Amino acid sequence: MVSQQHFVIIGLDLTVYGLEEYKKRPKGYPVSIIFALHGRLQNQSSMKPLCDSLCSLNDTNDSTKRHLIVVSFDSPNHGARLVNKVANHAWKEGKNSNPYHAMDMWSMVYTTSRTVSDLIDVIETYLFGPLDYHLVETWGVVGFSMGGHASFMAAAEDPRISVAIPIVGTSDFLSLMKDRLHENKLSAKEHLPKTFCDMVAQKTACLGERLKYKHLLIINGQKDQLVKAKFNEPLVHQLRQIHIGKEGHDWKYHVVPNIGHEWCEDMLHLSAQWSDQWLLKRQQGKL
């Protein structure tokens with residue numbers, strides 16, 4: 001059973017997986033940390049199966065590998081941070097309606113991505129005590145759905161993050177919102193105002209350029225109708241032109257057949273495989 005410990009850092013309740021096992025290693029043993037970001041209407045405990053799966057990679061005596069620690073936290077207005085249930089819903093979702101869906105979700109996505117960077121600034125001291133040098137050799141982020149959107153942004157904005165695994169997420173937030181707007185037959189002027197769209201476009205500009213150095217594993221579901229795989233195709237096409245690594249090795253785009261907006265075993269396996277390759281194996285360097 002993988003260890004879990006709770007820390008309060010930057011005012012957030014974090015769950016840290018695999019730290020107790022790390023403390024049994026020799027002092028100064030190299031380590032990687034990956035942040036696991038949950039989806040909309042979920043909370044950090046939703047990521048536990050993935051966190052356990054990733055930490056099981058530590059069950060080896062291979063001294064050429066780093067130890068992997070996984071960190072999860074509740075995104076804004078989710079889990080222990082919930083203050084307004086309506087703000088987590090889409091424009092029309094069952095009996096719920098939220099006229100500010102685009103603004104609410106963007107704020108959650110972007111704030112979550114910035115939270116990852118804020119945690120990277122300070123988390124080593126909380127986990128390992130005062131240090132004269134960094135123990136963490138590699139930083140990563142993995143996310144599901146809304147957490148997948150945030151994973152794209154976190155990796156694009158923070159040069160310290162070299163590994164990213166967005167699962168059923170989108171790199172094109174505005175296309176996702178425009179698609180939902182069309183499906184719900186809503187007014188763009190009221191629900192996607194120009195000032196908001198301009199701001200998002202500015203913050204997501206040149207995403208491919210900012211991701212071309214990353215070990216990026218993009219996973220979508222073929223039958224996903226909530227966050228359609230097609231929204232990532234422009235980024236994938238661009239990465240095929242400009243990524244400095246080799247597709248299939250340094251970065252990868254995988255569409256899981258016959259899977260919708262949901263978890264599946266393939267996603268867990270692919271995430272573990274990618275993490276083992278780029279977070280645990282020390283001979284694998286940064287691009």
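Sort the residues lining the largest cavity and you get 6 nonpolar, 4 polar and 1 charged. Here Ala, Val, Leu, Ile, Met, Phe, Trp, Tyr, Cys and Pro count as nonpolar, Asp, Glu, Lys and Arg as charged, and the others, Gly among them, as polar. This is a predicted model, so local features need pLDDT of at least 70 and side-chain atom pairs count only at pLDDT 80 or more, while totals for chains, interfaces and linings use all residues. Numbering runs from 1 along each chain as its sequence is written, and side-chain values use heavy atoms, with hydrogens and water left out.

Back to the lining: it consists of Trp106, Val109, His149, Phe152, Met153, Thr170, Ser171, Asp172, Phe173, Thr204 and Leu207. Helix 3 and helix 4 (146–157) are the elements that give two or more residues, and helix 4 gives the most, with 3. Helices here are DSSP runs of H or I with at least four residues, strands are E runs of at least two, and both are numbered from the N terminus. The largest cavity holds about 50 Å³ of space, and the structure has 1 cavity of 30 Å³ or more. A cavity is a set of points on a 1 Å grid over the protein atoms alone where a 1.4 Å probe fits but cannot get out, and lining residues have an atom within 4 Å of a point. Grid points are joined across faces, edges and corners, and the volume is the space filled by probe spheres set on the points.

Next, the packing. In soluble globular proteins, nonpolar side chains tend to be buried together. In this model the largest nonpolar core has 63 residues, and Ile33, Phe35, Ile69, Ile123, Phe128 and Leu211 have the most contacts inside it. Such a core is a set of buried Ala, Val, Leu, Ile, Met, Phe, Trp, Tyr and Cys residues joined through side-chain atoms within 4.5 Å. Buried means under 20% relative accessible area, exposed over 50%, and partly exposed in between (1.4 Å probe, protein chains only). Helix 3 (residues 101–128) supplies the largest share of this core, 12 residues. Zoom in on Phe35: leaving out residues up to four places away in sequence, Phe35 touches Val71, Phe73, Val116, Leu119, Ile120, Ile123, Trp139, Gly140, Val141 and Val142, where contact means heavy atoms within 4.5 Å.

What about the charged pairs? Count a salt bridge whenever a side-chain nitrogen of Lys or Arg is within 4 Å of a carboxyl oxygen of Asp or Glu, and the total comes to 15. Lys65 and Asp276 form one of them, with their closest N and O atoms 2.9 Å apart. That pair links distant parts of the chain, 211 residues apart: Lys65 is in the loop between helix 2 (48–55) and strand 4 (67–73), and Asp276 is in helix 10 (residues 265–280). Lys65 counts as buried at 15% relative accessibility, and Asp276 counts as buried at 15% too.

Arg160 and Asp158 also meet in a salt bridge, at 2.9 Å from N to O. Arg160 is partly exposed at 30%, whereas Asp158 is buried at 3%.

Methods. On a 1 Å grid over the protein atoms alone, a cavity is a set of points where a 1.4 Å probe fits but cannot get out, and a pocket is an open set with protein on both sides within 12 Å along at least five of seven lines; lining residues have an atom within 4 Å of a point.
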